[in-house]
Amino acid sequence: MGRLVLYMSMSLDGFIAGPGDTKDNPLGTKGHRLHEWLGDGGEDPSGYRPDDEPGQTVFDEMLSTGAVITGRRTGDFVGYWGGDHHNGVPILVPTHQAPAGTPPGNVRFVTDGIESCAEQAKAAAGDRDVMLHGAYTAQRCLRARVLDVMEIQLIPVLFGRGRQLFDGPGPGHIELQLVRTLESPSALLLRYEVQYA
């Protein structure tokens, strides 16, 4: 069975979005800076593949995942990627209450807890990893001790304010073992194994 992996671009001072992030401006003021390690984009996810080899390594790993867990806020902001994040993999959304109506494409709302959501996503992904999106959901996964790996794209910028990744992960000591460091021209790509005490 694969692992649950958080992929997140973050400023050096710990922010994953600039101030004032909204649905109309999901990365907040000047937050686009966090994604400059990616390609310019396009109609399909492959348009975001970086030009450099280290960036391509991380990007290719992201797109080889077999399921996605996204927080409800993140999913709402991006319209749940139209129901297809990449390659038709299931998109699971932990929530207290599923919205009315039929979710788009491969989106499924999970209402019986973050542990169940992680379990369902891993089962759906088979032997592939599960990609995790969303700061609040990452914090919930840490508290529930179901997050296995953090892949942080550390961007050399200081935001000073905005949305933090580790805003109250909860009680308990959590060690991170650095297992890989890659350098792209615009980011330090850090992979950590999560080790719970």
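The buried residues of helix α1 (residues 53-62) are covered by elements that include β1, β6, β7, β9 and β10, where contact means heavy atoms within 4.5 Å, and where helices (H or I, at least four residues) and strands (E, at least two) are DSSP runs numbered from the N terminus. The structure is a predicted model, in which local features need pLDDT of at least 70 and side-chain atom pairs count only at pLDDT 80 or more, whereas totals for chains, interfaces and linings use all residues. Residues are numbered from 1 along each chain as its sequence is written, and side-chain values use heavy atoms, with hydrogens and water left out.

Within α1, the buried residues are Gly55, Gln56, Val58, Phe59 and Met62, buried being under 20% relative accessible area, exposed over 50% and partly exposed in between (1.4 Å probe, protein chains only). Seen down the axis of α1, these residues fall within an arc of 165°, and they therefore line one face of the helix; the arc is that of the directions from the helix axis to the C-beta atoms. At the start of α1, the backbone nitrogen of Gly55 lies within 2.7 Å of a side-chain oxygen of Asp52.

An open sheet of 8 strands is present, with mixed pairing and the order β5-β4-β3-β6-β1-β7-β10-β9, two strands being paired if DSSP finds at least two bridges between them. Because β5 (107-110) and β9 (174-184) each have a single partner strand, they stand at the edges, and one side of each is left without a neighbour in the sheet. The twist from one strand to the next averages 25°. Strand β4 (residues 91-94) runs parallel to β5 and is joined to it by 4 bridges, with Pro94 opposite Val110 in β5.

Strand β7 is mostly covered, 7 of its 7 residues being buried: Val149, Glu151, Gln153 and Ile155 lie on one side, and Met150, Ile152 and Leu154 on the other. It is joined to β1 by 7 bridges in parallel orientation, Leu154 of β7 being the bridge partner of Met10, and to β10 by 6 bridges in antiparallel orientation, with Glu151 opposite Arg191 in β10.

A search of the whole structure finds 0 disulfides, a disulfide being a pair of cysteine sulfur atoms within 2.5 Å. Cys117 is in no disulfide, as the nearest cysteine sulfur, that of Cys141, is 7.3 Å away, which is too far for a bond. Cys117 is buried, with a relative accessible area of 0%, and Cys141 likewise counts as buried at 0% relative accessibility.

Technical notes. Axes fitted to C-alpha atoms, helices over the stretch in contact; angles between N-to-C directions. Polar contact = N/O pair within 3.5 Å; in protein donor to acceptor, adjacent residues only side chain to side chain.
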